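Subject: Structure handover and findings

Hello,

My notes follow directly below it.

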Amino acid sequence: MHEQQAGNERQPLRPLTRQPERAYSLMMEKVQRFGSAMLAPVLLFAFAGLAVGIAIIAQNGDLIPLAADKESAWNHFWSVWEAGAWTVFNQMELLFVIGLPIALAKTANARAVMEAAMVYLTFNYFVGAMLKVWGKGGTGFFDLDYSTDISESAAGTGLKMIAGIKTMDTGIFGAIIISAIVVWVHNRWFDKKLPDFLGIFQGSQYVYGVCFFLMMPVAFLFSWLWPYAQHGISSLQGFFIASGALGVWVYTFLERFLIPTGLHHFIYSPFVFGNVVTPNGIAKDWPSHLSEFAKSDKPLKELFPGGGFALHGNSKVFAPIGIAAAFYTTARPEKRKEVLALMIPVSLTAILIGITEPLEFTFLFLAPPLFLVHAILAASMAAIMYQLGLVGYMGGGLLDFLFQNWIPLWANHSGTYLMQIGVGLCFTVLYFLIFRFMILKFDFKTPGREEDGGETKLYSKAEYKAAKAAEKNGGAAAESADGDLYAPRAAGFLELLGGAENITTVNNCATRLRVSVADESLVSPSDADFKNAGALGLVRKGKAFQVIVGMDVPQVRERFETMVNEAKTLS
């Protein structure tokens, strides 16, 4: 009896000890899911920036003689090209509004995109009308003058034209907030059953109707409070710029260090796409001034002081060679050819286009201390370059460097870029020496240093992994896939995650399949099982799991979701 009472007394304590952990896990799951959703719109900036850079180079008379005549057919063609190339940057708010529901809506994603776009436009019409009536040009209740003419430039007015609507400039912050509200309403009420005589108002109509009424108070609050936020952002810009190299170091360190959690999207997005350090975000303001910067011989740091917060691409260009060399030279002699064959394509991908996660996640899972060292070195490289005068839009790889920085600006700023290359190569050597020392000192099992019988890999051989997954599933998945390299992996992951009934949400970022489950105890406890099924690794966060897949994660996710939906339909 005493034992039973003691047990009863202790039992209520269990939820109290687990509740904070579960709450934290749930919060991190939602934050990570939101962070990965940011990737959908961000991915378009790589091509858009390249297209703008090419247009600016093509119209530079100092580089291309044909461009000297501004009325030539050559310049006319490239002016048309450039007008189209600016689409993504000019409609950045709409891009984030319609991009987020793709990843965040739990059902009927396409309808959620339509709802978000229409609600965002409705919100801006409300804001415009409220400012017209109650702004400084009207009764003066709101601290913004709607009567200001923005036909030439909206900079500094707090206003902006969005899809033909004269409204308040809330940047991507406003777009994200409105889109998040729409997604919340969509997930909560899209499937709500109304009485038969009101059936026409179900689904998207109901979501839009609810949001219509919500947008009136939301628009009022934005009109009232956002001008104060704009003043705060303006002060914040001065603070970050004044923080100099230290601010750049902290920014770049967090951008790299938070990659495993997916929270790095929240670090760079406000700087690169928002107005934290420049009025319209570095991604837009840098290329829009390229022609002006190309003609000036003033230091780039003086011309564009906020550009130190987009130098994180330097670690993507200069680090891979040093890291690859460290892996190669510390590998067993008989395995060095295999290591070299794996490292060359991964390093080239990182250097050219800035996709580093396959390389980073290799040593993140095999030797986590190397990842911390990587973040410190990347931050130090960017801070030193900034201190020596480098700024620009360098968040991607070498293609970004060439077309948005080096080629258009080389004539008057070659000294700055030669310094950048010199410092970058010095850090390449540092990466090699430090990584090699740590690998040997602590005997990290990096590629080529596996135990006898272990496979030398960067966890990226799609065909081999697909075969392993097919073998694990008795060949059934491979037969049904008809040569599909992605379906076997998807089937393997689904089985290891507890089956279709255990899956609650599915998402992905650049290289990871993000899945939430109903019961984490049904998930295989062995990370090795996931690697045998074709994963690069696995991150566990309570009910949230990140399966590291690689650059073909969109294709794997498509097969995975199809399998989940079909299984649930049949059941």
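Phenylalanine 545 sits in strand E6. Strands (E, at least two residues) and helices (H or I, at least four) are DSSP runs, numbered from the N terminus. With 2% relative accessibility, phenylalanine 545 counts as buried. Buried means under 20% relative accessible area, exposed means over 50%, and partly exposed is in between (1.4 Å probe, protein chains only). Leaving aside neighbours within four places in sequence, phenylalanine 545 is in contact (heavy atoms within 4.5 Å) with Leu497, Leu513, Arg514, Val515, Val517, Glu520, Val523, Leu538, Val539 and Arg540. Leucine 497 is 48 residues away along the chain, and its C-alpha atom is separated from that of phenylalanine 545 by 8.7 Å.

Before you go on: this is a predicted model, where local features need pLDDT of at least 70, side-chain atom pairs count only at pLDDT 80 or more, and totals for chains, interfaces and linings use all residues. Residues are numbered from 1 along each chain as its sequence is written, and side-chain values use heavy atoms, with hydrogens and water left out.

Overall picture. The chain has 25 helices and six strands. Of its 571 residues, 53% count as buried. Take the contacts in the chain with a separation of 6 or more: residues 24 or more positions apart account for 71% of them.

The sheet. Four strands form an open sheet in the order E3-E4-E6-E5, with antiparallel pairing. Two strands pair if DSSP finds at least two bridges between them. Strand E3 (503-508) and strand E5 (537-541) stand at the edges with a single partner strand each, so one side of each has no neighbour in the sheet. On average, neighbouring strands of this sheet are turned by 20 degrees against each other, direction ignored.

Strand E4 (residues 512-517) runs antiparallel to strand E6 (residues 544-548), and five bridges join them. Leucine 513 stands opposite valine 547 in E6. E5 and E6 are also antiparallel, joined by five bridges. There, valine 539 has glutamine 546 in E6 as its bridge partner. The hairpin of E5 and E6 has two residues between the strands, and glycine 542 takes a positive phi near 65 degrees in it.

Four bridges join strand E1 (residues 159-162) to strand E2 (residues 165-168), and the two run antiparallel. Leucine 159 stands opposite methionine 168 in E2.

Most residues other than glycine have a negative phi. Which residue in the loop between E1 and E2 deserves a look? Alanine 163 lies in that loop. Its phi is near 50 degrees, a positive value in a residue other than glycine. At 43% relative accessibility, alanine 163 is partly exposed. Aspartate 443 has a positive phi of about 55 degrees, although it is not a glycine. Aspartate 443 is in the loop between helix H20 (398-442) and helix H21 (462-472). With a relative accessible area of 38%, aspartate 443 is partly exposed.

Helix packing.

- Helix H4 (residues 44-58) and helix H5 (residues 73-85) pack at about 155 degrees, with axes 9 Å apart. Axes are lines fitted to C-alpha atoms, for helices over the stretch in contact, and angles run from 0 to 180 degrees between N-to-C directions. H4 is therefore roughly antiparallel to H5. Angles under 35 degrees count as roughly parallel, over 145 as roughly antiparallel, 65 to 115 as roughly perpendicular and the rest as oblique. The contact includes Ala48 and Val52 of H4 and Trp74, Trp78 and Trp81 of H5. By class it has eleven nonpolar, one polar and one charged residues. Ala, Val, Leu, Ile, Met, Phe, Trp, Tyr, Cys and Pro count as nonpolar, Asp, Glu, Lys and Arg as charged, and the others, Gly among them, as polar.
- Helix H11 (residues 244-257) and helix H19 (residues 368-387) pack at about 150 degrees, with axes 8 Å apart. H11 and H19 are therefore roughly antiparallel. Among the contact residues are Trp249 and Phe253 of H11 and Phe371 and Tyr386 of H19. By class, this contact has 14 nonpolar, five polar and one charged residues.

Best regards
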